[in-house]
Amino acid sequence: MLNMDTIVALATPAGNSGVAVIRISGDNSKSILQKIIHEKIDFEPRKMYLKKVYFAGLEDVCLVVFFPNPHSYTGEDVVEIQSHGGYFIAEKIIDEVLSLGATLADRGEFSKRAFINGKLSLDQAEGIMDLINAESEMQAKAGSSLMQGELKKIITNYQNQLTEILADIEAKLDYPEYEYTENESNDILKCLTNIDKNLSKLILESSTGILIKNGIKVAIVGSPNVGKSSLLNALTKTNKAIVTSVAGTTRDVIEAEYEYKGIIFRLFDTAGIHDSNDIVEKIGIERAKQTLNDADIVLKISDDKNDCNIKTNKPSINVINKSDIITNDLYKNNLNKDTIFVSAKTGENINNLKQLIFDKTINHKIDSNKLYLTNTRHIECVKHAKNYINNAISKFNSTSMDIISSEIKSAWLSLGEITGETNNETIIDMIFSKFCLGK
Amino acid sequence: MDFIDNYDAIVIGSGHAGSEACLALSRLNKKTLLTTFNLDSIAFLACNPSIGGTAKGQLAAEVDALGGEIGVNADKSMLQLRMLNLGKGPAVQSLRAQVDKVTYHNEMKHTIEKQKNLDVLQCEVSEILVENGKVIGIKTSMNECFSCKAVVVCTGVYLNSKIIIGDFTKQTGPNGYEPSTMLTKSLINLGIEIRRFKTGTPARVDGKSIDYSKFEIQPGDNLNISFSPISKKIKNKRVCYLGYTSQEMHNCIRENISRAPLYSGKIKGIGPRYCPSIEDKIMRFSDKERHQLFLEPESENSDEVYVQGISSSMPTDVQRKMYSLIPGFEHVKIMRFAYAIEYDCINATELKNNLESKKISGLFFAGQVNGTSGYEEAAAQGIMAGINAERYIDNLSPFVLARNQAYIGVLIDDLVTKDILEPYRMMTSRAEYRLILRQDNCDIRLTQLGRDIGLVDDKRYKIFKKKLKQIDEIKTTLNTLCNPKKLEKLFKEKNESLPKSGLTLKECIKRNNITIFDISEHFNLFKNIPKNVLDYVNTEIKYEGYIKKELEYIEKNQHIDNLPLPDIDYNDIKGLRIEARQKLNKFKPSILGQAKRIDGVSPSDINVLLVYLKLKGIIK
């Protein structure tokens, strides 16, 4: 066996709760359990025992359970201790387990071991990693559907369709007495076209997935001193950006983020763009322009004194700040759907601004019941598969079947790379179950 | 022990594996003895009178390219030659020859008789003599002993064979030849695992009782080539016929299905899915209205006809009735009944990839005894076992072909890594590098290797070298740049858009509608080059992109596939599923690629193994 430590960690969220679950995984987990309950029993697998657990001169009545390998979450020997809630007890029990030779688990280490031990497929493990690292609700959701094998289900479905087509083609290649009828060819072509359409959709929607995973980049631009930094602070409810009445206070790009309706929005507050001789400010202005290029959406800030003339081809919102001091009705009457009147100072309309940003970037794309590809590796694999299928379709009537079969096989393999599974025998088995062949 | 004579190697069995094995050994200067039950059964074609077929054509040509005999022998007895799958692409095109089964046997027997270093003896081998885990000789049923350093077992379907026709069963080999009743026991005593397989063959009928007007003629193709490049071009001498079963025949089989040994439970051996009997076809695919059948001549000097597609083990009265219900067979006279045959074979996963037993040094197995079916599969193993027995005797490293080098490599790798649960037949879909393993490049892939080993004689090598030179010349010519004006007429004719700037002739051939033959005709080139050489170059050019992709894939995988696996107790790797641990401990694969292909080892098991090797510092 790999020389891996026995690890321990709190499996439930830290803080006050009714029950806390402490998980131990590794070769020594059983003996640690025996020591901590002062009893050398041979635990029946997966059976709950009510036992006194001794730690730091204290004791607590806990539920303990032993999962012998490989039938456990990590594939190793695993012990779970359910103690009474409250961080204090759990922490002390963990200390006791550590003193008995275990080490504290890293973030995600249980899942990593589950993958190493073949308990999770590649995409499931990736999903768990995404879940652990998730900062927003939608990120967590994407990660969790990966973990539960949602993607695998979809991919396996396309793979199965390709396997059927391949079995059909292969049978006719290995048994020359069978020729293609026009109907059969059309059916195959139809099926390929359908898969192509679905893969295209997956790829198209993956841009939404990437937005969910990486967050939406919002650039705040405008002339000096229109209140860009105040707006950043108002949106994130922090004091991250320094706000003064001096024009040109912000020199570097300041980043901050907020979550709105399960999505992470990353704000980039930039130096006011204008002609400046200050060398530091000049660099800041350059960076501001760069930020503008990387953004998913641009907030053009203006006030009653300064218009915002910055041009961009990105989606943008005209934000007129200082609604609290502007009395001129001209502004209030001139609103259109891309313009909003806010006050960073009083918070007026800040929530409406958040909704507007949300609407303009992601709202129309999101379907909370849908699976979005959020992993660039998965997206690449799907793109490859789509390419091969496109080749097969475009050559279908002009090229011989050995080549078409090779293209479809490549598509099948590319999809298999997502879940880490590829297997040639399935095609051969399919041939036999579907066709009557023989000498 | 008194030995009658001392040999380097002894080959048991003179079928298609045994013939290749004994010829390879003796041609590699090993003093060899071939034993057979019956000298009249050397290279006997017990089933179809044909050599080749999809993937099998490649196998036969690969054996030929290495310096084997099957291709040349097929040419000597050829009645008809066809290229299958002409419309489906070069990667799946295969040669198939109808041969005269009498001539085929006679020619092979004579070749063996003429061979230097090779003795032949009609006898029954009853025991393989082993000392300290090493082969030392054999003993016959008449208590004669012969010493040797290596034995190649090529017993085909003859180990404890039993034929079954309805209720009638008999301990016999095909065609009334004797079965081998003692050798299985000797193998079991040596610790070899025995299993039981089954196969079958159709009836042979009297040609003059057939109404050929109800069949479609299947003539040979005018290919102007032969199976082996060293043979003279052959001529088609006979035709075959295509016909169909009828609903009446299907009904007859359904009514009598309870009398079919396969369904009554009389047959216990495992039969091949790809070679089902007619009763199996009709029961399993009941919605199919009719099944194809082919009539093949057994010999030029005989009216016996082989009815391909209608193998059966029905009782004789049902056979008489059902065959007569085939359109054109109304008055048919059966000359030999169809039968099923059960036989002992070994579990080939007990062999190393040089076809030598893992338990006993110097004990090699080849052919149907390893669980395969088909003459070509047998011949392929025969030549490899022969070569490797020689290398064992001479203390040389094993000769193993990779899956990307030859169908032979695919075949043997499958046999020694997969639990074969039915007789194994080669198919093009078993080869993942099919675009590279073509009928048209068998010699390019293997003849140099055969030369290095010592099996390719001067005559074959000279022909091979000439072909290489021709290919070189063609390629040079095709690289010349051509003025678009000179191409105008051809491109217009072929419906291709004419490029503005000049392009090479090779680039022209890459166009969909233009072949090397169009170019050679248009420019009056390559007049003295044989068609098959041009075919080869044409394919290489047209498939260049795909071949490159396959080669890249091979390279990408080679690194990981060739990772050597140390001798590990897989029970120590707890992440592996129990089944995977057991299988890996049983097979003890030498490289990761082999581990990957073992049934019951899943991709996630391979991940676990990879991580283990990485953590252990075995791979970086």
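In chain A, what share of the contacts with a separation of 6 or more comes from residues 24 or more positions apart? The answer is 60%, where two residues are in contact if their C-beta atoms, placed from the backbone, lie within 7 Å.

Some ground rules before you click. This is a predicted model, in which local features need pLDDT of at least 70 and side-chain atom pairs count only at pLDDT 80 or more, while totals for chains, interfaces and linings use all residues. Residues are numbered from 1 along each chain as its sequence is written, and chains are lettered from A and ligands numbered from 1 in the order in which they are written.

**Stop 1: chain A overall**

Select chain A and switch to cartoon. You'll find 14 helices and 12 strands; these are DSSP runs numbered from the N terminus, with helices being H or I of at least four residues and strands E of at least two. Of the 439 residues in chain A, 43% are buried. Here a residue is buried if 20 or more other C-beta atoms lie within 10 Å of its own, exposed if 12 or fewer, and partly exposed in between, with C-beta atoms placed from the backbone.

Now color by domain: domain 1 is 7-119, domain 2 is 150-210 + 372-434, and domain 3 is 215-365. Those bounds come from an automatic or database domain assignment. Between the C-alpha centres of domain 1 of chain A and domain 3 of chain A there are 50 Å.

**Stop 2: A:Ile41**

Zoom to A:Ile41, in the loop between α1 (29-36) and β3 (49-55) of chain A. A:Ile41 has 13 other C-beta atoms within 10 Å, so it is partly exposed. Pick A:Lys30 too: it sits 11 residues from A:Ile41 in sequence and 9.6 Å away, C-alpha to C-alpha.

**Stop 3: helix α11 of chain A**

Select residues 350-361 of chain A. At 1.5 Å a residue, these 12 residues should span 16 Å, and the end C-alpha atoms are 17 Å apart, which agrees; the expected span is 1.5 Å times one less than the number of residues.

Show side chains for A:Leu353, A:Leu356, A:Ile357 and A:Thr361, which are buried. They cover an arc of only 115° around the axis, so they are on the same side of α11(A); the arc is that of the directions from the helix axis to the C-beta atoms. Among the elements covering the buried residues of α11(A) are β7 (216-222), β9 (263-269) and β10 (297-302) of chain A.

**Stop 4: chain B by domain**

Over to chain B, which has domain 1 (5-198 + 343-447), domain 2 (200-341), domain 3 (457-549) and domain 4 (562-615). Domain 1 of chain B and domain 3 of chain B have C-alpha centres 39 Å apart. Their contact takes 9 residues from domain 1 of chain B and 11 residues from domain 3 of chain B.

**Stop 5: helix α4 of chain B**

Select residues 101-114 of chain B. Buried residues in α4(B) include B:Tyr104, B:His105, B:Met108 and B:Ile112. Their cover includes α1 (16-27), β3 (32-36) and β6 (94-99) of chain B.

**Last stop: B:Glu124**

Buried or exposed, or something in between? B:Glu124 is partly exposed, with 19 other C-beta atoms within 10 Å. Leaving out residues up to four places away in sequence, B:Glu124 touches B:Phe37, B:Thr140, B:Ser141, B:Ser180 and B:Met182.
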